[in-house]
Amino acid sequence: MKTIKGPGIFLAQFAGDAAPFNSLPAIADYMAGLGYKGIQIPSWDGRLFDLAKAAESQTYCDDIKGMLADKGLEITELSTHLQGQLVAVHPAYDAQFDGFAAEHVRGNPAARQAWAVEQMHFAAKASQRLGLTTHASFPGALAWPYVYPWPQRPAGLVEDAFDELARRWKPILDVFDENGVDIGFELHPGEDLHDGVTFEMFLERVNNHPRANILYDPSHFVLQCLDYVQFIDIYHERIKCFHVKDAEFRPSGRSGVYGGYQSWVNRPGRFRSLGDGQVDFGQIFSKMAQYDYAGWAVLEWECALKHPEVGAAEGAPFIAKHIIPVTEHAFDDFASGGEDRELNKRLMGL
């Protein structure tokens, strides 16, 4: 059995233009000081990381790893949530998602998609150069506007959308396979892959590709009223990344799952800092240990109420407390009589 690695933290929600959040060495110092042992790096943020350079330069990657090691830190995964989103964009979201892309491809969906695919290729190679075996991303969405349809969806629309999604991702998955890296798709509302069923629909269409895997984040399942503990029982072999994020769902007589177009603070379902929501992390960490999850437990901080720096400070000890150092032997081994085949026969009356 393996002990989960951690605590780690996703830097995306903390990066900014002011020190210490505006450079990788400075933010690494800050997070190490809070007790984190790993950082998940948003590869689109040029203040922290140069993805194209990392894909080409082993020296650049070695320098980053060495700098972080000096601070007692490792890279848990690179993240391409924004670039992965742009692999598949429904036209309804063109204007909103254009801001995720490089300026020279904005306003041109075909060029934007090609840029996103190139970014994913860079991420595969950069991960390999950094010695990483897992990667965090979004899959994008072509069917999401039709998730709760009125009028009725045309027959075959969802199937065609998933066929196209798989067509776009299969070559990317092959590049990740060439580099020995798994993609953990974060199953997330707004993405076509947002629960177990949709992940299975995608997995079937990419021929059960070994690099098509899951970033497990229970907060998104709380907001969908999905059994997030049983999910681990079903999909543990495909869970390669883990976002430790809390959430709560408090439906009322006025609003439920869809949130009434309200701000985050007023939605029945909202994200919370660790320990402030409803997620049963004791069960989750026990399941992860039971199924030999070998990756990192990474805080993704998102909360409608608490200040991010407070959430970060509370997150490291919270995760550390929940990590289970796994046992190497059974608790009742002291009473073992060893292996005796003749005794076994006598006990069965043979």
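Contact here means heavy atoms within 4.5 Å, and helices (H or I, at least four residues) and strands (E, at least two) are DSSP runs numbered from the N terminus. The structure is a predicted model, in which local features need pLDDT of at least 70, side-chain atom pairs count only at pLDDT 80 or more, and totals for chains, interfaces and linings use all residues. Residues are numbered from 1 along each chain as its sequence is written, and side-chain values use heavy atoms, with hydrogens and water left out.

We can start with the overall fold. The protein has 13 helices and 10 strands. Its radius of gyration is 22 Å, close to the 20 Å that the globule rule gives for 350 residues, so the protein is as compact as a globular protein of that length. For this comparison, the radius is taken over C-alpha atoms, and the rule is 2.2 Å times the number of residues to the power 0.38. Along the principal axes, the C-alpha atoms fill a box of roughly 80 × 55 × 45 Å. Of contacts between residues at least 6 apart in sequence, 79% join residues at least 24 apart.

Buried residues make up 49% of the 350 residues, where buried means under 20% relative accessible area, exposed over 50%, and partly exposed in between (1.4 Å probe, protein chains only).

Running over residues 228-235, helix 10 has Tyr228, Val229, Phe231, Ile232 and Tyr235 as its buried residues. Seen down the helix axis, these residues fall within an arc of 155 degrees, so they line one face of helix 10; the arc is that of the directions from the helix axis to the C-beta atoms. Their cover includes helix 8 (196-205), strand 6 (212-216), helix 9 (218-222), strand 7 (239-244) and helix 11 (281-290).

Within helix 10, phenylalanine 231 is buried at 3% relative accessibility. Leaving aside neighbours within four places in sequence, phenylalanine 231 is in contact with Leu187, Gly196, Ile214, Tyr216, Phe221, Leu226, His236 and Ile239. From phenylalanine 231 to alanine 55, the C-alpha to C-alpha distance is 34 Å, and the two are 176 residues apart in sequence.

The loop between helix 8 and strand 6 holds histidine 209, which is buried with a relative accessible area of 5%. Beyond its neighbours within four places in sequence, histidine 209 is in contact with Lys170, Leu173, Asp174, Asp177, Leu203 and Arg238. Asparagine 207 also sits in the loop between helix 8 and strand 6, but asparagine 207 is exposed at 61% relative accessibility. Although not a glycine, asparagine 207 has a positive phi of about 60 degrees.

Other backbone details are worth a look too. Tyrosine 261, in the loop between strand 8 (246-249) and strand 9 (269-272), has a positive phi near 60 degrees and is exposed at 87% relative accessibility. The peptide bond from alanine 19 to proline 20 is cis, with omega near 5 degrees; proline 20 lies in the loop between strand 1 (5-10) and helix 1 (24-34). The bond from tryptophan 150 to proline 151 is also cis, with omega near 5 degrees, and proline 151 is placed in the loop between strand 4 (134-137) and helix 7 (157-178).
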